Amino acid sequence: MALDAIITTWSQPEVLTLAGLSLLLAVLWRVPILGWLFYPLRLLDTFVHEMSHGLAAIMTGGCFERFVVYPNREGLAHIRGGTRFVVVSAGYLGPALLGGALILLSATDLAEPTILMGLGIGLALLCLGFVRNLFGFVAGLLLAASLIAAGWYLPPQPASWLFLLLMMHLPLTSANSLIDLIRLSARRSPREQRTDAEVLAEMTHLPALVWALLWFLLALIIVVVTVTVAWSAGA
């Protein structure tokens, strides 16, 4: 089936709502106290980041052994094999790709509650299969149960707003995390744990800052392309 037969056109009010919500989220994230209100969403970011590493390994012939997530939103994926360049890059690009997929789904006839339940079931299965620490296991299943319950019990309008929040949060947090990575890469200060950009820098002999900027550009392209398709494909 052709893409333009699936995707419908966003209306102008929808575009304005997305722009306003994006600006609001970008501002609230930088307010320390208010930022804790987004803790469940930011914790979800960590799950998506580590799962993206693991799924990239599987798709390139490697093995996703396990991953852990901690209360401070740090995580670590244990992987064997796979195309390392793709696996390392997937951590920061994964949230942007998932956000882009949700943007495209938002312009289809698929109901938002169905998508929320699908996300919850997918998260639950991945947690059951790969999370190997207590906090990560419990937190992941609680997030999954919340998504499933929201899709099942919420009325259509609140479910749509929650879906809209997730849809915009994922690409925005990808950009936000990459901005922080760019700052870290520019400083070149010693750290106990290497960033993904520093791992690629060792592999390719290109500065970590170059990789951080490239990932930021790719994440931006993903969002622009998917928003453009969702806005104009049905026209």
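Q: What counts as a helix here?
A: A helix is a DSSP run of H or I with at least four residues, numbered from the N terminus. This is a predicted model, in which local features need pLDDT of at least 70, side-chain atom pairs count only at pLDDT 80 or more, and totals for chains, interfaces and linings use all residues. Residues are numbered from 1 along each chain as its sequence is written, and side-chain values use heavy atoms, with hydrogens and water left out.

Q: How do α5 and α8 cross?
A: Helix α5 spans residues 84-106 and helix α8 spans residues 156-187; their axes come within 8 Å and cross at roughly 155°. Axes are lines fitted to C-alpha atoms over the stretch in contact, with angles from 0 to 180 degrees between N-to-C directions.

Q: So which way do they run, relative to each other?
A: α5 and α8 are therefore roughly antiparallel to each other (over 145 degrees; under 35 is roughly parallel, 65 to 115 roughly perpendicular and the rest oblique).

Q: Which residues make that contact?
A: From α5 come Y92, P95, A96, L98, G99, L102, I103 and S106, and from α8 come F163, L166, M167, L170, P171, S174, S177, L178 and L181 (contact means heavy atoms within 4.5 Å). By class, this contact of α5 with α8 has 13 nonpolar, 4 polar and no charged residues (Ala, Val, Leu, Ile, Met, Phe, Trp, Tyr, Cys and Pro are nonpolar, Asp, Glu, Lys and Arg charged, and the others, Gly among them, polar).

Q: What about α4 and α5, at what angle do they pack?
A: α4 and α5 pack at about 125°, with their axes 7 Å apart. That makes α4 oblique to α5.

Q: Which residues meet there?
A: V48, H49, S52, H53, A56 and A57 of α4 meet V86, V87, V88, A90, G91, Y92, G94, P95 and L98 of α5. The contact of α4 with α5 divides into 10 nonpolar, 5 polar and no charged residues.

Q: And how do α4 and α6 cross?
A: The axes of α4 and α6 come within 12 Å and cross at roughly 70°, which makes α4 roughly perpendicular to α6. Here L44, F47, M51, L55 and I58 of α4 meet L123, L126, C127 and F130 of α6. The residues of this contact of α4 with α6 divide into 9 nonpolar, no polar and no charged.

Q: Changing topic: which elements line the second largest pocket?
A: The elements giving two or more residues to the lining of the second largest pocket are α4 (39-59), α5, α6 (112-130) and α8. α4 gives the most, with 8 residues.

Q: Which lining residues are closest to its centre?
A: Of the 22 residues that line the second largest pocket, V48, M51, S52, L55 and L98 are the closest to its centre. The lining divides into 18 nonpolar, 4 polar and no charged residues. A pocket is an open set of points on a 1 Å grid over the protein atoms alone where a 1.4 Å probe fits, with protein on both sides within 12 Å along at least five of seven lines; lining residues have an atom within 4 Å of a point.
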